[in-house]
Structure formats: C-alpha cells, structure tokens
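Hi,

Here is the structure I promised to pass on.

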Amino acid sequence: MIIIKGNPRDLGDGFHVSRILPSPGHRMVGPFVFFDYFGPVEFAPGHGIDVRPHPHIGLATVTYLLEGSQMHRDTLGSVQEIQPGDVNWMTAGRGIAHSERTGPETRARGHRLHGIQSWIGLPTKDEEASPSFQHVESRDLPSSRRNGVALKVITGRAFGLASPVRVFSDTFYVDAQLDAGATLEMTDEHQERAIFVVGGAAVVNGTAHGDGTMFVLDPNERSTIVAQGATRVMLLGGAPLDGPRHLWWNFVASSTDRIERAKSDWKSGRFGKIPGDEVEFIPLPD
Ligand code: MN
C-alpha cells in the first residue's frame, strides 16, 4: 500500500487545492490520471471561485462536490450548476474548453465549498472522440445501504451497482459513508484501487489517517475500512490505461506531438468560445 498526502497548489485567485494525483511517488490509479481535492473552504458573501475558460484534450473531467455548488459552462453550450452528490462528466476527446465558477446566487449568500475534480484518461482509440457532456443528479445514481454503510456509485461499476454515466474503460468511483463503528471491505473487482478519505475517522488496514489522504492498494491486497466515528471515503480505480500518458497543463495525450498541437490550437482560439463566458480566458502557460 502506498500512502499519498497531497501537495498544495494555488489554481489562481486564492483557490487552493491539494493535488493527490499525479504525486511524486505515484502517477495513476486505473484511468484516474489526476485527482485534486479542495476545501472545505468558507467563502464570505460576494466571494467564490472563478476558473476562467481553459481547454482540455484526451481526458474526461469528473467533478463531484460534497458541499457548495459550481457553475459549469463549455464550448458545446452546456450550462449546468452542479450540486453536492451530482456527477458532472465532461469528455474532452479531441478538444473542449470550459469554465467553472461560483454561480451568482451562491456567491451572493456566501458558502462552503468542498469537493474533488478528477481526470480520467481516455483509451488511445477514444482520444480523438467528439467532446460531450453528461450530468447525472445524485438521486439518479445507484445506491445501497446496509450494516451502517451507504454506498453510491458515481461512475463505473462496483458492489453490484452500475452508474448510468457512459465511460470509456473499466473503472469505478464510489462515495461511501460509514456510521461510527461500521466496517467496509474494499471491493476486489478491479485491477487498480485506491481509498481516499474526505471526512471522519477512517482506519485503513489498521492505520488511522486524516482527511485528504489517499491509500493506493497493491494488486490483490485486501483492505478493510473501519469507521471510528462517522466517516466518508471515496473508492476509485479500474483497469490501467493502454499505455503511458503525457500530461501538460490541461492536456493529456499518448503523444507529445498532440500536446504541441493543442498548445497552438489554444493560442490561436481554435477551441472556440463558451456561450455566456466569451470574454475572459486562461492564457497558455510559458
Ligand atoms: Mn478544467
């Protein structure tokens, strides 16, 4: 088992995140190539996040909130406020741009924000897929509850449940809430697996760690999560991607040439404009 504590990053405008994947010691878990954990952070009335328009290729972004809300807009014309427990899956494929901002009502009243954005790498054959957007509300995600453990499958399949979100390769992503004293046996249905603690007092294989810790299990390693108090963990992973991936800024690709092309496309405005968010953008880093 590998334990990842995360590295602090400032995404700009004071929005601090903990970068869990890639980490210096470990790059991917199944198709998860990127995993950013943010909050819980308190915003006073009038404040919020503004991740200005920026591009992606070769991946799907998966946003999942525990608290707060976030407004998504993209070059397909999607406009979607994401609420806690919903899943927001954006397939970038050959190219999309999006913005993620605090919506006007949430910003006006002040709020707490707490959540995760992960990136799922696409198989080589799907890297040039058409961009698309899926949003599934919390109540439409499959769930179960027994022995003090509430499970909800966000993407992929696990514990006999399958999410309606269309995915490109074998994966699972589960929100698990354990009552104090409950235990959960980690699923062994997938090749690569990790446990990420988002709240409470989880003991994983006999060791207690705080919020924001990821445990990457060895292949075939058995793992039991014991909740010393009410505990929330995310379970994730799947089959590894079909080869190495290059990550540069917001781009994921199996070739560096493709990343160079995406750089020049963003510089030249070839990703297009986001309806309702046409003015600002994040420039290509040097
Ligand atoms: Mn993004």
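What radius of gyration would a compact globule with 286 residues have, and what does the protein have? The globule would be near 19 Å and the protein has 18 Å, which agrees. That radius is taken over C-alpha atoms, and the globule rule is 2.2 Å times the number of residues to the power 0.38.

Before you go further: this is a predicted model, where local features need pLDDT of at least 70 and side-chain atom pairs count only at pLDDT 80 or more, while totals for chains, interfaces and linings use all residues. Residues are numbered from 1 along each chain as its sequence is written, and side-chain values use heavy atoms, with hydrogens and water left out.

Now the overall picture. Along the principal axes, the C-alpha atoms fill a box of roughly 55 × 45 × 35 Å. The protein has two helices and 25 strands (DSSP runs numbered from the N terminus: H or I of at least four residues for helices, E of at least two for strands). Buried residues make up 55% of the 286; buried is under 20% relative accessible area, exposed over 50%, partly exposed in between, with a 1.4 Å probe and protein chains only.

The metal site comes next. His54, His56 and His98 each use NE2 to coordinate the manganese ion, at 2.1 Å. Donors are N, O and S atoms within 2.8 Å of the metal (3.2 Å for Na, K and Ca), and water is not among the atoms, so sites may look incomplete. The sequence spacing of the donor residues is H-x1-H-x41-H. His54 counts as buried because its relative accessibility is 4%, and His56 does too, at 0%.

There is also an open sheet of four strands, antiparallel, in the order S5-S10-S7-S8. Strands S5 (50-56) and S8 (79-82) are at the edges with a single partner strand each, so one side of each has no neighbour in the sheet. S5 pairs with S10 (residues 96-101) over five bridges in the antiparallel sense; pairing takes at least two DSSP bridges. Asp50 sits opposite Arg101 in S10.

One more histidine to look at is His26, in the loop between strand S3 (16-21) and strand S4 (32-43). His26 counts as buried because its relative accessibility is 19%. Setting aside neighbours within four places in sequence, His26 is in contact (heavy atoms within 4.5 Å) with Ile2, Ile4, Leu21 and Val216.

Cheers
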